[in-house]
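Notebook open, model loaded. I want to go through the pocket first, then the charged side chains.

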Amino acid sequence: MTLAASDYPLVDLMWTFLIFFGLIVEFWLLITVFADLFRRHDISGWLKTAWVVFVFVVPIVGALVYLISQGHGMVERGAREADRAKQDTDQYIRSVAAPGYKGVDEIARGKELLDRGAISQEEFDQMKRRVLV
């Protein structure tokens, strides 16, 4: 076992890690470019095909050219997608939680009426029981 370790010096190990890290970065870059490219609706299929061919033929240069030329658009599309996802999530939460909010609002109105003396404590308790059931 020590013989195998002595045949592979520390500098070679560092280069292996560096190359491995570079490959991971390159694949991540390609995934990012292709994900953005295929989500776009503002360019034609032929232009998407041209970008794909360019990125496959010259991967690093193609991906960097895409990022440089389309980076601002990528940011805008990402922000729009995040806003839309947030709105969808908020709408879903409101739809699920809406009955509970109505009850809380009704109890708050009842408390105001109780504080003003418009209803008695018994009426307020009945209102709470009805809402909470």
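**Pocket.** I looked up which helix gives the most to the lining of the largest pocket, and found α4, with six residues. Helices here are DSSP runs (H or I, at least four residues), with strands (E) needing at least two, numbered from the N terminus. This is a predicted model, where local features need pLDDT of at least 70 and side-chain atom pairs count only at pLDDT 80 or more, while totals for chains, interfaces and linings use all residues. Residues are numbered from 1 along each chain as its sequence is written, and side-chain values use heavy atoms, leaving out hydrogens and water.

I noted that α2 (10–39) and α4 (59–116) each supply at least two residues of that lining. The pocket holds about 370 Å³ of space. For the record, a pocket is an open set of points on a 1 Å grid over the protein atoms alone, where a 1.4 Å probe fits and protein lies on both sides within 12 Å along at least five of seven lines; lining residues have an atom within 4 Å of a point. The volume is the space filled by probe spheres set on the points, which are joined across faces, edges and corners.

I listed the lining: Thr32, Ala35, Asp36, Arg39, Arg40, His41, Met74, Arg77, Gly78, Arg80, Glu81 and Arg84. By class I get two nonpolar, three polar and seven charged residues. Charged means Asp, Glu, Lys and Arg; nonpolar means Ala, Val, Leu, Ile, Met, Phe, Trp, Tyr, Cys and Pro; the others, Gly among them, are polar.

**Asp36 and Arg77.** Two of the lining residues, Asp36 and Arg77, turned up again as a salt bridge, 2.8 Å from N to O. The bridge joins distant parts of the chain, α2 for Asp36 and α4 for Arg77, 41 residues apart. My cut-off for a salt bridge is a side-chain nitrogen of Lys or Arg within 4 Å of a carboxyl oxygen of Asp or Glu. Asp36 is buried at 8% relative accessible area, and Arg77 is buried too, at 17%. I call a residue buried under 20% relative accessible area, exposed over 50% and partly exposed in between (1.4 Å probe, protein chains only).

**Gln70.** I checked Gln70 in α4 and found it buried, at 19%. Leaving aside neighbours within four places in sequence, Gln70 is in contact with Arg40, Trp51 and Arg77; contact means heavy atoms within 4.5 Å.

**Other salt bridges.** How many salt bridges does a search of the whole structure find? I got six. One of them pairs Glu106 with Arg130 at 2.4 Å, N to O. This pair also links distant parts of the chain, with Glu106 in α4 and Arg130 in α5 (residues 121–132), 24 residues apart. Glu106 is partly exposed at 24%, whereas Arg130 is exposed at 55%.

I also logged Asp115 with Lys111, whose closest N and O atoms are 3.3 Å apart. They sit four residues apart in α4, so about one helical turn separates them. Asp115 is exposed at 57%, and Lys111 is partly exposed at 39%.

**Glu26.** Glu26 lies in α2 and touches Pro59 and Ile60, not counting residues up to four places away in sequence.
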